[in-house]
Every structure is written in C-alpha cells, then in structure tokens.
Amino acid sequence: MPKADELFKSIDYAPPTTGWMETPVDFSPGNWCYPAKPEKIQYMESKLPGLWGEAREWSPGDEDWKLPSNWKEIVVNGFRERLDKFRTLKLFMDICVRCGACADKCHYFIGSGDPKNMPVLRAELMRSVYRGEFTLAGKILTKLTGSRVMEEDVLKEWFIYFYQCTQCRRCSLFCPYGIDTAEMTMMARELMHLVGLNTNWIMEPVSNCNITGNHLGIQPHAFKDIVDFMVDDIEEVTGRRVKAPLNEKGHDILFITPSGDAFADPGIYTFMGYLTLFDYLDLDYTMSTYASEGGNFGSFTNNETMKKLNAKMYAEANRLGCKWILGGECGHMWRVVHQYMDTMNADLQGDQMTTPVNPITGTVFDTAAATKMVHITEFTADLIKHGKLPLDPSRNDHLRVTFHDSCNPARGMGLLDEPRYVLKAVCNNFFEMPAGTTREQTFCCAGGSGLNTEEILEIRLRGGLPRGNALKYVQDKHGVNTLACICAIDRATLIPLADYWAPGVTVTGTHELVANALILEEGEERTMDMRMEALPGYEDEDDDWTPPNM
Amino acid sequence: MNALYSLLFVFLLVLIPLFGVDAAHMKTFFGVCIPVTAFIIFIIGFASKVINWGRSAVPFRIPTTGGQFKSFDPQLFKQNKYDCPQTGAQTFVRMVLEVFAFRSLFRNTEVSLHETKDGPVVAYKSSKWLWLFAIIFHYSFFIVALRHLRLFLEPVPFFVNGLEFVDGILQIGAPTMYMADAGLVAGVLLLLGRRLINARINYISYVSDFFPLFLILAVALSGIYMRYYAKVDVIAIKELTMGLVTFSYVVPETISVSFFIHVFLVSVLMIYFPFSKLMHMPGVFMSPTRNMPNDTRAKHHVNPWNPDIKPHAYADYEKEFGVPMAEAGLPLDNPDNGKAPEEA
C-alpha cells in the first residue's frame, strides 16, 4: 500500500495512448472483490430461482471464469428484457452526447485517473454493447459509432468496472440529461448475476439478511446479547438502565436501523444513542431481530432481491402491530425506503399502519404518508424544535465536528438540513467542509454498494481522496477531530479513509452526539461520553471514579 | 483520426449535390425528392424513437435530488423547490430550467490536483465553459431554424419578422449580418475545439460525435455563403419551399447550386438525427431522474410489472431460531418453536 502522498503523486489524468476498447483491463489481485461462496448462491437460488446463474468456485484472476456455455444468450436476452422494464436504461443508452461533464465528478476517477472510471466511459462499456447488439447503425458502422458485440472480454471488463461504482449518483447531478450511472450499474449487475458473476461481500450479506434478518448473520439470541451489552454500557455512562424492547408486540413504533450499528465501533455508540434517546422519551417502540437490518444489500444485486429483503419491514410491523416505522441512520437503506419501498411493497402494509405521528410533539409526518417511515434525524429535529430535549452541548466540547452527507440521502432524497440542525443543537463546534464537497455535491466514502471490502482497499482509498482531502482541509483549518455522518457504511469505511487521508479524525454517528448532550434528569452529571472516554474536566479522576450504579 | 474521418465524410457529402446538380442537372431530385424523403424519415424516425422510449416502463421514481426536500417542517427546513421538486408544478419549473437554461450543466465544476507545502489539495472550481458553448450553439441554431419559417409560411408570422429584426439589430454589412449565424458557427467551433483539444474529451469521442458537428458547421457555412456571398435568388427559393409545403412542386431555374448543397446537407442532418445522439433533444424531456417529483414517501406510485415476491416468512424464522430465542427470553408466536427437539 503506497503512502498517502505517494498515492496522490501517482494520479495521472492524461488518457492512455490506446483507445479505450483496446486498452486491456488489469485483473491482478486488488482490482476485484472476491466472488461469492457457492453455498450463498445456492441458498439464494433456492429462494429466488433463475436470477443467479450456476454456483461455482471461480476467480477473476483466472483465465477461465467458468461461464455457462450459453452465457452470451443469457446476458443479451436479459439486456433486452431490461430495456423494456426500465425506461431509464433504454433512454440513457441513446441520449448521452459524451460531453464529459460527468468525467471528473466520480471519486474513483479523481483518485485513480483511470478513464474507465469516468462515468461516461463506465456507461459506454454497456452502451457499446447496446449499439452493437440492438441498433442498426451500431451493427453497420461498428467502431465509428463506438459499438461492439458482447464478448467474454467485455463481460470481464464489466465485472471490474461495475463493481468499481458505488452508485453514489454524483455524476447524475451534473449530467445535463440526468443520466444516472447508478441505474446502469444496477442493470449491469443484474445481468452479471444471471451468469453467476458476483461478489461475496454482497452475496453473503444478502443471504444472511434473508435467513437471520441482518447482513452480519447475527442470530436473534446473539442480537439480544449485543443489545444487552449496550444497555450495560449506557448504564455505566449515564447511570440509567434503559429499556431495549425486542420483538415485543403492541407498540406503536417499530425501530429499524442498519445492523452495522449493532456490530462494531463506532456504530454501536450510535445505537446506544438511539436507545438512550428513546428511553428518555419513554417512547412506545420495539425493535425486531427478524427485521434487524435497515440496509438493503439486495439493491446491489437485482430489484427482486431488493424487494424481498425490504418486504420484511412491513411484514414485521404488521406482525408486531406497529403503526409506523422509525428508521435509523443509514445511506442506501434510505434511498430504498424513500424511492422504492412504497412502490415495491405498499400492498404488504397492514391496516393498522397509519401516517406517522410523533407521540411526543404531535407532529404529523405527512411527507411519509405513503411509506409510513420516518428518518430518525427528522424525528429528533422535531423534538429539538419543540424543546422536548434538554441538551447540554458543552458535553461535546471536546469534539470539533464536521458533517459528511451520505450520497443516498443527499442525492436520492434531499435530506440535508435535518441532520445539521440536530448536530448544531448538540455540539458547539460545528464546521462545514468546503463547498463543492457537501450537500448534493457530497463525495462518496468509496465503500458503498457492497464495495466495503478489504481486498480492494487501495481502490477504496483512492476513491476516498475527495472526501479525505475535504476532511483534511477542515482538520487543518478548524481543528476538526470528528466526522459525523448518518450512514452505517460510512461509519465503517470512513475510518480507514480518515486514518489514511486525515489521520486523527474519528468517525461518529449523529445520535451518539445526541446521547452525549442529552440531559436525562435534572442535575445529572456526566463524566464520560458514550465511548466511555472522560469528558473535559474529568480526565484526572479516571483512577478513582466509580460508575454511579456500582 | 475520428475527427478526420468525419471531416472527410462531410466533404464527400458536399460533392454529391455539387456534381448532381451542376453536372447531372438533377435539380428536382435534390430540390424536391431528397428533402421530402429526409423530412419524412426525420418525422417517422423521431416519433418512433420517442414512442419506443415511452413504451418502456418507469417502475420507480428516482429523481436525482439537488437540495433540501420538502420537510415535515417547511418553515424550519426550507425546500429547494426547483432542484428537489415535490409537486408537478415545481417539477415543471425544474424541467423548464433544465431545457431552456441547461441548469445541471451550469453547475459544472472542474477538479484539479495540487501539491502544496501543506500536502496534497484537491480543488474544485466552477467551470461554465461547456455551458456557455452549449448555450451559444443551441440558441443560435434554434433562432436560425425559426428564421427559416419565413420560407415555409405565407404570410410570414409576426414573430419571425420580429426575430429577424432583433437578430440583425447590429446592422453590420449588407445584407445585414445575423448574430445567430455568427453564434452558430462560433458555437460549433467552440464545441469542436473542446473535443479536439481537451485530451479527456477527445478520448471519449467517436466519429459519431464529430460528424454531426462538422455536418452542422457545413450546413451553417453553406447557408452563410448563399446569403452573404453568392446572394442567391431568395424569391425563387421561396417559390420552391412554398411548393414543398403546398405539395405543388416547382424548381425555378434561377436557383444556384449553393442552395442545393445547403438543402442536401440539411437533409442528411434530418436523416441522421433519429438514429444518433442528437436524439438527446427529445430525450431530455423524458429523463426519469429529472422529470418526476420527489414525492415517493408521501404518495403511492405503481410499478406496472411489480413482481410477486414475499419476504422470508417470520414463521420459518421462528422455527429455525425458536430454541435459542426462547432461551434468550425473546417472545415467540408459537411456544412450540421454543422447545428443544427432544421435548417437542
């Protein structure tokens, strides 16, 4: 792994001397994610038949990818079928003028200089086949129109580059026609899945989600153990033993967050933040082990799997008799909830479900009337606005905070101001990263859409350059030491990214900071934050300090 | 290379009517048959492409949002109505801004890498060149095309006369120079130059990217040549064009060959249009990331091919994990699931 400044120096934006169709693809290790274990494919094939190709051991580094003999027919027919099912695909195949406005908008291009990471060329990998296989002009004029027929090399190139797109949609924002590379990446992946080209870092979470309810494969009793540990930790920090209801019937609200929050630092502190907040409010809610995943890894495979995994949310709300769903901090979960959920699964909503109402403030969330699902920062912002949360932001004074907009809520939803409102209410030192890197122009953590895997770490760190560099800027200028976000993938991937590009910055969820600042009872004294690190003024008392409950 | 091929093609295209009219005297063929056929191909090709797009489903509402959405508390969190529209009217304004002002392109930035004493810096600066070139080109082309209505309509509508007056308001030369003529040539040259000089853009350019630019340039130059240098017989041309519109074809003898070259190139452009990237013109109106309101959480929307897929059933889940669930004290729907196999 090169050092940060070496990597930076290695970036060259000059295109190669060979045309892109003639430039060979590098299949050396580090350029691809590991393929799925056969048993994961077999399991999903048993649940959603016909979508996965034949399960097998194979490696992208090998010459022979063990494709089925009729692979070309499968891919071309699948392509044709999707042109009818998705106007986006058909239209985006035809109307790109290759103006290049998107070219330097992709974080992977900015960090790698590889022209096939320019969104325009990434999409051309697919468009060239579309023209060659489906249009008359492309069939006659071939190279002059940039068309080619589907060959094994083309499919292999797809595998590398469509698993080097995080579907962050930054290019789409800048495209004069709104061409959405995420949409084409989704289609390319659907087609690749049909012939068994996949990655384990997506397929294992998908199959886990279906079996256990969450992508990590945490079984229900283990999930309860984790939550119990967190309850203990909260008690140690706050002196309050919080309720953490699981799978309980008869509550109004079902709370679903990405399971990454239950798994590792720093997500668990965010989870502790939710639990602390809900207990303070005495909220009538439950969590579920069966629907213990907000994130939808199915959306990285095909729309059928996305639908199947998403359906659990409504199914569980019905079983438990909940009226509406409160959703935790997660990026792509919220794109699925916001843009797909009601369309896919509205028929599964039970009669008991109603337009969400905040029971503390009485606010009716009409904006969520169809999905019955509210984002936690909307919920908390509403509480803060109505003065329902006594807050002591000085408890976060040791933190100098900036905010990372997650791509999906930013460009697939428009959730920008609520998290900022919450953050500014709970901490005194908030600083924005430079314009052009925030809000709808935010840069991806480079680990979204199932790319959060170690075997492509250099690619991720390269893709993380734009975010890391903006972070470095506020670190140098304002002494920022904390990067807040509202996405579980961010909480996992931004840590190595910050260590590499802006060492010294830690990553936090927004509700961790809410819990830090939340005054649970009058006169309460807090000596440490949710991470059990001493608050300013209490550092020296570490040795003889005893938790209040001991 | 791709640019040279395109240039060569356009040259060949100019030669066809040059010889066809001058040597072979095929005036009716080039003055009537070709343009009429081209127009028919254009209309049918254009319409069938748009209908073909329209036949494909829009299963999900996936607008790319650029700004704050309509919040539960619109006072506290002010909605960015035209980049993140929530209603049909707001979406309409977004589309108008997109189509008439190229708003997304206006946002364009350029990235650059710098090594400073404080370490590496990735910088972004606003880059409106492409926006400017595109605006000059498209508006000039649009005005020039509208001005041509003078040849096809009798009486000439007031807005065409008005447009001509404004377009020629600088009153340079005789006949008066139209700003749009200069703008069209400048716009094409700027876009062409960008494609040739910018290595990154050049790398992604095919013949099919250069060809329409050269073709439009040739159309513009032949038009300018006719008007300012050859000073063709406009009365005779109007006679011909009115004949086309009224289906009573006449080809007056006084029309010079430059007119036939111009008409032939325009015909080629019309034929080429429906099969090329030029279809971005109707396509921009249909782009699902731009032409739909961002209201999917508030309003139900139907996917016409929504597959019938159910989630992994909770009952199966409880069957599988019932024993450890019971041990952990998690509630069960069916208490039998909590019994170890030997008890059951």
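Is E110(B) buried, partly exposed or exposed? The model is predicted, so treat everything I say as computed from a prediction.

E110(B) has a relative accessibility of 35%, so the residue counts as partly exposed. The cut-offs behind that are under 20% for buried and over 50% for exposed, with partly exposed in between. E110(B) also has a partner: K125(B) forms a salt bridge with E110(B), and the closest N and O atoms are 4.0 Å apart. K125(B) is in strand β2 of chain B and E110(B) is in strand β1 of chain B, so this pair ties together parts 15 residues apart in sequence.

There is also a network of salt bridges with shared partners, made up of R98(A), E124(A), R127(A), R131(A), D209(B) and K277(B). Over all chains, the structure holds 56 salt bridges.

Let me take two from chain A. R491(A) counts as buried because its relative accessibility is 2%. E329(A) is at 0%, so E329(A) counts as buried too.

The other pair is E432(A) and R420(A), whose side chains meet in a salt bridge at 2.5 Å, N to O. E432(A) lies in the loop between α18 and α19, and R420(A) lies in helix α18, so the bridge ties together parts 12 residues apart in sequence. Here the two ends have separate labels: E432(A) is partly exposed at 33% relative accessibility, whereas R420(A) is buried, with a relative accessible area of 3%.

Next, the interface. How many residues of chain B are in contact with chain A? The count is 94 residues of chain B, in contact with 122 residues of chain A. The size of an interface is often given as the accessible area lost when the parts come together. For chain B and chain A that is about 9,300 Å², with 61% of it on carbon and sulfur atoms. On the chain B side, F72(B), Y203(B) and R297(B) lose the most area to chain A, together 11% of what that side buries.

There are polar links between the chains as well. Between chain B and chain A, eight salt bridges are counted, along with 72 residue pairs in polar contact. One salt bridge joins the side chains of K385(A) and D73(B), at 2.7 Å from N to O.

Now the surface of chain B. A nonpolar patch of about 1,000 Å² is made by ten residues listed for it, among them M1(B), F9(B), L15(B) and F19(B). L15(B) sits in helix α1 of chain B and counts as partly exposed, because its relative accessibility is 37%.

Last, some backbone details. Most residues other than glycine have a negative phi, and most peptide bonds are trans. D265(A) and P266(A) are joined by a cis peptide bond, with omega about -10 degrees, and P266(A) is in the loop between β1 and α13 of chain A. In chain B, the bond from E154(B) to P155(B) is also cis, with omega near 0 degrees.

As for phi, R169(A) has a positive value, near 70 degrees. R169(A) lies in the loop between α8 and α9 of chain A and is buried, with a relative accessible area of 2%. K231(B) has a positive phi near 45 degrees, in the loop between α10 and α11 of chain B.

Terms used:
Residues are numbered from 1 along each chain as its sequence is written. Chains are lettered from A and ligands numbered from 1 in the order in which they are written. This is a predicted model: local features need pLDDT of at least 70, side-chain atom pairs count only at pLDDT 80 or more; totals for chains, interfaces and linings use all residues. Side-chain values use heavy atoms; hydrogens and water are left out. Patches are made of residues with over 30% relative accessible area and no salt bridge: like charges are joined within 9 Å, nonpolar side chains (Val, Leu, Ile, Met, Phe, Trp, Tyr) within 5 Å. Accessible areas come from the Shrake-Rupley method with a 1.4 Å probe; for residues, only the protein chains shown count as cover. Helices (H or I, at least four residues) and strands (E, at least two) are DSSP runs, numbered from the N terminus. Buried means under 20% relative accessible area, exposed over 50%, partly exposed in between (1.4 Å probe, protein chains only). Contact means heavy atoms within 4.5 Å. Buried area is the accessible area (1.4 Å probe) that two parts lose on being put together, summed over both. A polar contact is a pair of N or O atoms within 3.5 Å; within protein, one must be able to donate a hydrogen and the other to accept it, and residues adjacent in sequence count only if both atoms are side-chain atoms.
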